[in-house]
Amino acid sequence: MSWAGGGIGTGHDDGVGALVTLDLPADSPVLALPWIVTIGPLSEDEEWDAVVFGPYEQAHALALAEEVVADEELMAVVEPVIPHVSIDAIREEIASARALATEEEDDDADSDADKDEDEDDEADEDEDGHEQHPAPPSPDEIRAGFARIAARLTAT
């Protein structure tokens, strides 16, 4: 990820926000994916839930985010949406993210993350200790969902 602050690239000299996005080569296939913009407070003193917008093409997502953070103390994160259609692909992506985080964090931070995961597992169990969650959708069901989303986004 790269970080750019203060409305860089927006033509505003007095910007106070921050923009975080991936630093990708111009020929990266990730640039063709749909992108989302998450906007939240820049300061830890503000407590409100971040909002997510999109999907957009990458250039549109960056331009919108830059404009919003140029004049306000906000943080915008612009990132691709990776439309995996299988549980295995999703698990591989999670494993990669975890491996990267393990390399970057110290042992104390890792133990805190494990504690949070254990608490989440307990919340998904019923009175008898059985997990309660729906079966994952099939790849065909996911692709059909993509088509429905695209139809809604392009409807006038």
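1. Start at valine 52. Leaving aside residues up to four places away in sequence, valine 52 touches Ile36, Val37 and Thr38. This valine lies in strand β4. Valine 52 counts as exposed because its relative accessible area is 53%, and exposed means over 50%. Valine 77 is 25 residues from valine 52 in sequence, and their C-alpha atoms are 9.3 Å apart.

2. The model is predicted, and this should be kept in mind for every point here. The protein chain has four helices and five strands. In sequence order the pattern is β-β-β-β-α-β-α-α-α.

3. Some totals for the chain follow. The protein chain has 156 residues, and 21% of them are buried. Its accessible surface is about 11,300 Å², with 52% of that belonging to carbon and sulfur atoms. Of the contacts between residues at least 6 apart in sequence, 56% join residues at least 24 apart.

4. Strand β4 covers residues 51-56, and proline 55 is placed in this strand. The peptide bond between glycine 54 and proline 55 is cis, with omega about 10 degrees. As background, most peptide bonds are trans. A reader checking the backbone may wish to look at the bond between glycine 54 and proline 55.

5. Which residues form the nonpolar patch on the surface? They are Trp48, Val51 and Phe53, and together they have about 250 Å² of accessible area. Tryptophan 48 sits in the loop between β3, residues 35-41, and β4, residues 51-56. Is tryptophan 48 buried or partly exposed? Tryptophan 48 has a relative accessible area of 34%, so it is partly exposed: the limits for that class are 20% and 50%.

6. The surface also carries a patch of negative charge, made up of Glu44, Asp45, Glu46, Glu47 and Glu73. Glutamate 44 counts as exposed because its relative accessibility is 77%.

7. How many salt bridges are counted? The count is one. Aspartate 140 and arginine 143 form a salt bridge through their side chains, with an N to O distance of 3.8 Å. The cut-off is 4 Å, so this pair qualifies.

8. Where do the partners of that salt bridge lie? Both aspartate 140 and arginine 143 are in helix α4, which runs over residues 139-154. They are three residues apart, so about one helical turn separates them. Aspartate 140 is exposed because its relative accessibility is 60%. Arginine 143, with a relative accessible area of 44%, is partly exposed.

9. To recap the places worth a look: the cis bond between glycine 54 and proline 55, the nonpolar patch of Trp48, Val51 and Phe53, the negative patch that includes Glu44, and the salt bridge between aspartate 140 and arginine 143.

Technical notes:
Residues numbered from 1 in each chain as written. Predicted model: local features only at pLDDT ≥ 70, side-chain atom pairs only at ≥ 80, totals over all residues. Heavy atoms only, no water. Patch = residues over 30% accessible without salt bridge, like charges linked within 9 Å, V, L, I, M, F, W, Y side chains within 5 Å. Areas by Shrake-Rupley, 256 points an atom, 1.4 Å probe, with all protein chains shown as cover. Helix = DSSP H or I, 4+ residues; strand = E, 2+ residues; numbered from the N terminus. Buried < 20%, exposed > 50% of the residue type's maximum accessible area, 1.4 Å probe, protein only. Contact = heavy atoms within 4.5 Å. Lys, Arg positive; Asp, Glu negative; His and termini not counted. Charge placed at Lys NZ, Arg CZ, Asp CG, Glu CD.
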